[in-house]
Amino acid sequence: MNRVTQNLVLTLLGCAVLRISAFSTTYLNYVKPGFRPFLIGAGAVLVILGLIGLFQASRAGGTPANEDPRDDTHERPDGHGRPVTHEHPHDHDRAGTSEHGPGDGDGDGHDHAHGGPRVAWLLCLPVFAIFLIAPPALGSFAASRDDTPPPRDQTLSSFTPLTGTGAVEMTLGDFIGRAWDDDKKSLTGREVKLTGFVSPAKKKGQWYVTRMQIACCAADAFPLKVAVRGLQEPPADTWVEVTGTWIPQTFGTMTTGVVYPQITGKSLIRIDPPEEQYE
């Protein structure tokens with residue numbers, strides 16, 4: 001991989017970052033919205049550095065590779081019109097050592113241009129992946145592999161009363177918090193409307209409406225799940241809007257594993273995936 005190729009890959013990588021952040025909302029599949037300015041800045045810097053490198057490489061390409069800037073050998077005509085050669089004082093020393101010295105011939109290899117390692121071509125893979133097959137947001141497969149609930153905040157928190165009539169639209173995080181930590185049981189008897197994608201449950205007769213929550217990026221994502229009972233399970237990864245009522249749970253004995261809050265489903269609407277799929 002020569003200098004031109006290296007700078008070309010750098011430019012393409014910057015263009016890929018700009019494509020998903022400046023000209024689309026694909027970046028929301030990987031990071032939180034607040035990171036958009038940083039992605040745009042990083043992509044712009046990569047493009048500028050790559051273009052500068054390409055410009056310098058194109059200019060350097062016009063200079064012969066075997067030209068030695070230290071060579072002071074030149075010819076000038078003498079008074080009779082015959083050329084007189086003037087040599088650098090150290091040329092005789094270099095000539096004397098070139099016969100048997102370690103730099104003899106082509107053995108040292110310093111007169112040949114070498115590219116970078118071939119493994120550097122792997123840098124092209126994320127560029128092609130973003131341009132051709134941009135990975136989607138995390139879905140039911142990631143949610144089913146992580147049954148560890150997120151750490152719960154130990155500080156006291158208060159929940160605002162649920163006002164109005166009809167179904168109350170809320171996030172899964174808010175619903176889960178009220179289901180487990182609200183001493184006033186504000187969910188009792190209230191219809192709620194939850195939005196998320198479908199993930200299967202091991203227990204028969206129920207499935208999960210799920211949303212992934214991230215603190216920084218998709219690498220630290222963990223699932224927020226609410227079990228839905230009484231409604232037929234749609235295909236996995238289908239985005240739905242579920243309306244139902246909370247099922248208060250009491251534990252007479254010590255349970256094993258993770259217990260998710262439950263609702264009795266009343267209605268279900270299939271929807272398109274939202275632009276921002278993480279909470």
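Helices (H or I, at least four residues) and strands (E, at least two) are DSSP runs, numbered from the N terminus. On this basis the chain contains 6 helices and 8 strands, and their order along the sequence is α-α-β-β-α-α-α-β-α-β-β-β-β-β. The model is a predicted one, in which local features need pLDDT of at least 70 and side-chain atom pairs count only at pLDDT 80 or more, while totals for chains, interfaces and linings use all residues. Residues are numbered from 1 along each chain as its sequence is written, and side-chain values use heavy atoms, with hydrogens and water left out.

Of the 279 residues of the chain, 30% count as buried; buried denotes under 20% relative accessible area, exposed over 50%, and partly exposed the range in between (1.4 Å probe, protein chains only). Contact is taken as heavy atoms within 4.5 Å. Among contacts between residues at least 6 apart in sequence, 65% join residues at least 24 apart.

Helix H1 (residues 3–21) and helix H2 (residues 36–60) have axes that come within 7 Å and cross at roughly 155°. The axes are lines fitted to C-alpha atoms, for helices over the stretch in contact, and angles run from 0 to 180 degrees between N-to-C directions. H1 is therefore roughly antiparallel to H2, given that angles under 35 degrees count as roughly parallel, over 145 as roughly antiparallel, 65 to 115 as roughly perpendicular and the rest as oblique. The crossing of H1 past H2 is left-handed, a term for the case in which the near helix is turned anticlockwise from the far one by less than a right angle, with right-handed used if it is turned clockwise. The residues of the contact of H1 with H2 comprise 16 nonpolar, 7 polar and 1 charged. In this division Ala, Val, Leu, Ile, Met, Phe, Trp, Tyr, Cys and Pro count as nonpolar, Asp, Glu, Lys and Arg as charged, and the others, Gly among them, as polar. Within H2, Ile 52 is partly exposed, with a relative accessible area of 42%. The C-alpha atoms of Ile 52 and Thr 11 are 41 residues apart along the chain and separated by 9.6 Å.

A nonpolar core is defined as a set of buried Ala, Val, Leu, Ile, Met, Phe, Trp, Tyr and Cys residues joined through side-chain atoms within 4.5 Å. The largest such core has 21 residues, and those with the most contacts inside it are Met 170, Phe 175, Leu 187, Leu 194, Val 209 and Val 226. At least two residues of this core come from each of helix H6 (172–181), strand E4 (191–200), strand E5 (206–213), strand E6 (222–229) and strand E7 (239–247). A second, separate core of 8 residues includes Ala 143, Ile 214, Trp 239 and Tyr 278.

The buried residues in H6 include Leu 172, Phe 175, Ile 176, Gly 177, Arg 178 and Ala 179. Their cover includes E4, E5, E6, E7 and strand E8 (262–270). With neighbours within four places in sequence left aside, Phe 175 is in contact with Met 170, Leu 187, Val 192, Leu 194, Val 226, Trp 246, Pro 261, Gln 262 and Ile 263.

Thr 195 lies in strand E4 and counts as buried at 16% relative accessibility. Beyond its neighbours within four places in sequence, Thr 195 is in contact with Leu 172, Val 209, Arg 211, Trp 239, Val 240, Glu 241 and Ile 271. Arg 211, in strand E5, is likewise buried, with a relative accessible area of 12%. Between the C-alpha atoms of Arg 211 and Val 198, which are 13 residues apart along the chain, the separation is 8.9 Å.

Two loops contain residues with positive phi. In the loop between H6 and E4, Lys 185 has a phi of about 50° although it is not a glycine; Lys 185 is partly exposed at 41% relative accessibility. Asp 183 is placed in the loop between H6 and E4 and is exposed, with a relative accessible area of 75%. The C-alpha atoms of Asp 183 and Ser 158, 25 residues apart along the chain, are separated by 9.0 Å. In the loop between E6 and E7, Asp 237 has a positive phi of about 75° although it is not a glycine, and its relative accessible area of 42% makes Asp 237 partly exposed.
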